[in-house]
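Okay, thanks for coming, everyone. Let me put the model up on the screen and then walk you through a few spots in it.

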Amino acid sequence: MSRFRSSSAAVVAIVLLVVLIWGVEANPEKNPLRFREDGQFKILQVADMHYSDGLSTPCEDVLPSQLRGCSDLNTTAFVHRMIDTEKPDLIVFTGDNIFGPDATDAAKSMDEAFSPAITSGIPWVAILGNHDQESTLSREGVMKHIVGLKHTMSQFNPPGEIDGFGNYNLEVRGTEGSSLANKSVLNLYFLDSGDYSTVPRVRGYNWIKPSQQVWFQQTSKKLQKAYTSGSAAKKAPAPGLVFFHIPLPEFASFDSSNFTGEKQEPISSSSVNSGFFATMVEAGDVKAVFSGHDHINDFCGELTGIQLCYGGGFGYHAYGKAGWARRARVITASLERMEGVGWGVVKTVKTWKRLDDKKLTVIDDMVLWSKNYGGNRRKKQIHGA
Ligand SMILES: *[C@@H]1O[C@H](CO)[C@@H](O)[C@H](O)[C@H]1NC(C)=O
Ligand SMILES: *[C@@H]1O[C@H](CO)[C@@H](O)[C@H](O)[C@H]1NC(C)=O
Ligand SMILES: *[C@@H]1O[C@H](CO)[C@@H](O)[C@H](O)[C@H]1NC(C)=O
């Protein structure tokens with residue numbers, strides 16, 4: 001047995017298996033995400049593109065003067081502009097990537113919707129919303145299609161063990177050559193928050209199931225153990241960021257006195273609270289959650305040490321508010337500079353949004369979490385792009 005384990009044939013077999021499962025480029029083991037040489041890691045969140053058929057799909061909720069010549073292609077142009085301007089290290093599409101009811105061909109619609117990410121060559125991931133499966137593919141089919149696209153690090157869960165089809169995590173390692181080069185210093189979790197309740201007595205949206213929470217708990221535990229072991233041992237866990245489409249009921253814990261951004265519609269969470277917020281609080285590593293779903297809410301508010309953030313509506317073929325610009329969220333994590341040692345652990349996590357106007361105006365620039373302060377230290381409300 002030990003002879004087989006150490007044999008190169010076994011290594012080749014494992015590598016082949018990994019390649020088959022993830023594809024070469026998307027293999028997070030071989031090509032892990034890592035902090036840049038400047039100690040930064042930047043994520044672009046794209047919420048609710050609602051892409052359908054392209055040029056023939058009209059914009060919704062824009063000013064009458066903006067209606068002419070406005071289509072899904074405006075959504076595509078906005079993704080391109082955000083990528084060019086922010087140069088993110090990872091792009092996260094947080095569901096309702098396509099608007100199923102109006103997309104004639106789900107696969108084609110997704111190919112077009114994700115094309116700016118694909119052509120940029122930047123690693124990207126997507127999770128499912130509640131509308132992605134309403135075209136020609138099931139939720140399983142949609143997620144399977146996504147993982148087959150170029151440069152994606154999205155992963156597919158086969159049905160059975162864990163509810164949903166896209167529950168996975170990604171590790172972000174320290175900078176190349178640093179003492180944390182092989183450690184995950186920032187953890188990203190992606191969950192499939194489902195679509196609609198299948199329990200007859202419960203109407204409305206679905207919720208994050210116990211099986212998913214167990215997966216999250218085990219993953220968080222494993223990552224914390226790996227992080228705190230060895231020579232680079234750290235007492236506090238590496239910060240975790242969590243992404244899923246449908247906001248939790250806890251997003252309703254705020255008003256304008258204690259959030260940054262805007263709330264212009266009710267929180268469309270499930271009517272059932274499945275306890276995922278408490279699960280995250282207990283896990284201890286999660287610092288922020290990023291959802292979509294409610295297009296004209298774009299705030300971040302802190303509850304029990306976790307920032308709950310909306311991405312803000314991105315897509316033009318999605319309901320919105322005429323005169324209220326489509327927007328995107330950017331999240332950056334910065335490492336601590338240590339005298340004579342180089343880059344250390346994550347020091348701060350910040351966020352801002354950009355509006356799809358001429359200057360891609362930056363708004364609501366704020367600190368989400370800081371190693372030294374615990375977070376929620378607002379910097380500036382508005383500054384020009
Ligand atoms: C949509 O894109 C067209 C073509 O580039 C542009 O002329 C128009 O201003 C855009 N509309 C909006 C609302 O951004
Ligand atoms: C990280 O792993 C690589 C490859 O195994 C090794 O060469 C390098 O020394 C490791 N770096 C640290 C800081 O452990
Ligand atoms: C926000 O402030 C309101 C009162 O204005 C309060 O009811 C609510 O509990 C606060 N939320 C948090 C999370 O502190």
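Predicted model: local features only at pLDDT ≥ 70, side-chain atom pairs only at ≥ 80, totals over all residues.

Let's start with ligand 1, which has Gln-66, Gly-69, Cys-70, Asn-74 and Tyr-316 around it; a residue gets on that list if one of its heavy atoms lies within 4 Å of the ligand. From Asn-74, a polar side-chain atom sits 2.4 Å from an oxygen of ligand 1, and a polar contact here is a pair of N or O atoms within 3.5 Å. On its own, ligand 1 has 360 Å² of accessible area, and the protein covers 43% of that, going by the Shrake-Rupley method with a 1.4 Å probe. The shell has two nonpolar residues, three polar and no charged ones.

Residues are numbered from 1 along each chain as its sequence is written, chains are lettered from A and ligands numbered from 1 in the order written, and side-chain values use heavy atoms, with hydrogens and water left out.

Now ligand 3. Which residues surround ligand 3? They are Ser-253, Phe-254, Asp-255, Ser-257, Asn-258, Glu-302 and Leu-303. Ser-253 puts a backbone N or O atom 2.8 Å from a nitrogen of the ligand. Asp-255 has a polar side-chain atom 2.6 Å from an oxygen of ligand 3, and for Asn-258 a side-chain N or O atom is 2.3 Å from an oxygen of ligand 3. Of the 360 Å² that ligand 3 exposes alone, the protein buries 46%. This shell splits into two nonpolar, three polar and two charged residues.

Last up, the aromatics. There are 17 aromatic pairs in the structure, meaning Phe, Tyr or Trp rings (six-membered ring for Trp) with centres within 6.5 Å; planes under 30 degrees apart are stacked, over 60 edge-to-face, and the rest tilted. Tyr-189 and Phe-216 have ring centres 4.8 Å apart and planes at 65 degrees, so they're edge-to-face.

Technical notes:
Polar contact = N/O pair within 3.5 Å; in protein donor to acceptor, adjacent residues only side chain to side chain. Nonpolar A, V, L, I, M, F, W, Y, C, P; charged D, E, K, R; others polar.
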